[in-house]
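Hello,

Here is the structure I promised to pass on. Please open it first, then read my notes below.

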Amino acid sequence: MSRPRRGLVLGGGGVLGAAWMVGALVALEESTGVSASSMDLLVGTSAGSVVAAMLAGGVSAREQLEHQREGMLRSGPLAGVEFDYAVGGARPPALKPGFGSRALLASAARRRELLNGPVLLAGLLPRGRGQTTELTALVDRVTPSWPSWPDLRVVAMDYATGDRAVFSAGGSATPALGVTASCAIPAWFSPVEIAGRSYVDGGTVSIASADLAAGQGLDEVYVLAPMAAFASYPKTTFAVRLLRRWRRPQTRQLVAELAQLRSEGTRVTVLAPGPEDLAVFGVNVMDEQRRLTVLETSLRTTRATLHDQLA
């Protein structure tokens, strides 16, 4: 009997979302025996694109976890590689004056489907000044070209039209450029130019783009969505209420994407932060000081979640 064809969808979530996904992937492998390195399809959005690119370049989930813990490894693809997981800090640099993208705002005025919070804010907020050169160098070292297997797909948004852009093998971008574009949070990092067009964070289009796994003949798909609002925060503050209100429509979109996958007969496993994870996340997903706590909490809570699901 041939093995099942599997896909892995890794959503956005900033520095803390990446740490949470790494912990969850290690727990998934330990609990089910399904290795993230054995996936036929990898879909990555924003922080998820970094984790996906590492997997595609041969860096296992366990190696990613140890690198986050130790800062440097002695063997494997990340041997001797140092990386600043703060990625520019917990606050964005001073913003440039003016709208971020008048062209995007004009597109939103013409197309009703673009009239949503993330897209409108991407157009309204000033352009970011942050740079991701260290991230570009990391991906370029580990995954310098698109692999023949697995099928790696990286999601960004066209900064002028609001259309989803999917970078993959045979396209105009290297994996490093695609990942950098996917991580270019509006008003935080500078847009990334590829083949004459500007791109920003893929999370503005969808927090996971799980529908990209549809129509691929996959038997199983695992979706990790750090930004999904399935659980409640243990403590309710004004900032938490605003955050949950912001994430609700994005979570509804994810639910619709999952329904599309399941309608094809694909077995879908969804992992998202629970109350204990959210307690250590806080409201700023770029707060690097919480990263290791989020990582270790995810490792433990995901094991418990999967144990309950399997039971």
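Strand S2 is mostly covered, with 5 of its 5 residues buried. Buried means under 20% relative accessible area, exposed means over 50%, and partly exposed lies in between (1.4 Å probe, protein chains only). Helices (H or I, at least four residues) and strands (E, at least two) are DSSP runs, numbered from the N terminus.

Before going on, a word on the source. This is a predicted model, where local features need pLDDT of at least 70 and side-chain atom pairs count only at pLDDT 80 or more, while totals for chains, interfaces and linings use all residues. Residues are numbered from 1 along each chain as its sequence is written, and side-chain values use heavy atoms, with hydrogens and water left out.

Back to S2. Both of its faces are covered. Leu41, Val43 and Thr45 sit on one side, Leu42 and Gly44 on the other, and all are buried. Take Thr45, which is found in strand S2. Thr45 counts as buried because its relative accessibility is 0%. Thr45 and Glu193 are 148 residues apart in sequence. In space they are 17 Å apart, C-alpha to C-alpha.

Now look at strand S1 (residues 6-10). S1 is mostly covered too: 5 of its 5 residues are buried. Arg6, Leu8 and Leu10 point one way from S1. Gly7 and Val9 point the other way, and all are buried.

Which strands does S1 run parallel to? One is strand S2 (residues 41-45), joined to S1 by 4 bridges. Another is strand S7 (residues 220-224), joined to S1 by 5 bridges. Two strands pair if DSSP finds at least two bridges between them. Follow Leu10 to see both sides. Leu10 stands opposite Gly44 in S2, and opposite Leu224 in S7. Val9 also has a bridge partner in S2, namely Val43.

S2 has a further parallel neighbour: 5 bridges join S2 to strand S3 (residues 151-158). There, the bridge partner of Leu41 is Asp151 in S3.

**Helices**

S1, helix H1 (residues 14-32) and S2 make a right-handed β-α-β unit. A crossover is right-handed if, with the strands pointing away from the viewer, the path from the first strand over the helix to the second runs clockwise.

Two packed helices are described by the angle between their axes and the distance between the axes. Axes here are lines fitted to C-alpha atoms, for helices over the stretch in contact, and angles run from 0 to 180 degrees between N-to-C directions.

How do the axes of H1 and helix H2 (residues 47-56) cross, and within what distance do they come? They come within 8 Å and cross at roughly 45°. That angle makes H1 oblique to H2. Angles under 35 degrees count as roughly parallel, over 145 as roughly antiparallel, 65 to 115 as roughly perpendicular and the rest as oblique. The crossing of H1 and H2 is right-handed. A crossing is left-handed if the near helix is turned anticlockwise from the far one by less than a right angle, and right-handed if clockwise.

Next, H2 and helix H6 (residues 133-142). Their axes come within 9 Å and cross at roughly 25°. H2 is therefore roughly parallel to H6. The crossing of H2 and H6 is left-handed.

Also visit Arg102 in helix H4 (residues 102-110). Is Arg102 buried or exposed? Arg102 counts as exposed because its relative accessibility is 61%. Arg102 and Tyr159 are 57 residues apart in sequence and 9.4 Å apart in space, C-alpha to C-alpha.

**Aromatic pairs**

How many aromatic pairs does a search of the whole structure find? The search finds 3. One of them joins Phe83 and Tyr85, which are edge-to-face, 5.1 Å centre to centre with 85° between the planes. Rings of Phe, Tyr and Trp (its six-membered ring) pair if their centres lie within 6.5 Å; planes under 30 degrees apart count as stacked, over 60 as edge-to-face and the rest as tilted. Phe83 counts as buried because its relative accessibility is 14%. Tyr85 is buried as well, with a relative accessible area of 17%.

Trp188 and Phe189 form a tilted aromatic pair, 6.4 Å centre to centre with 40° between the planes. Both Trp188 and Phe189 are buried.

Best wishes
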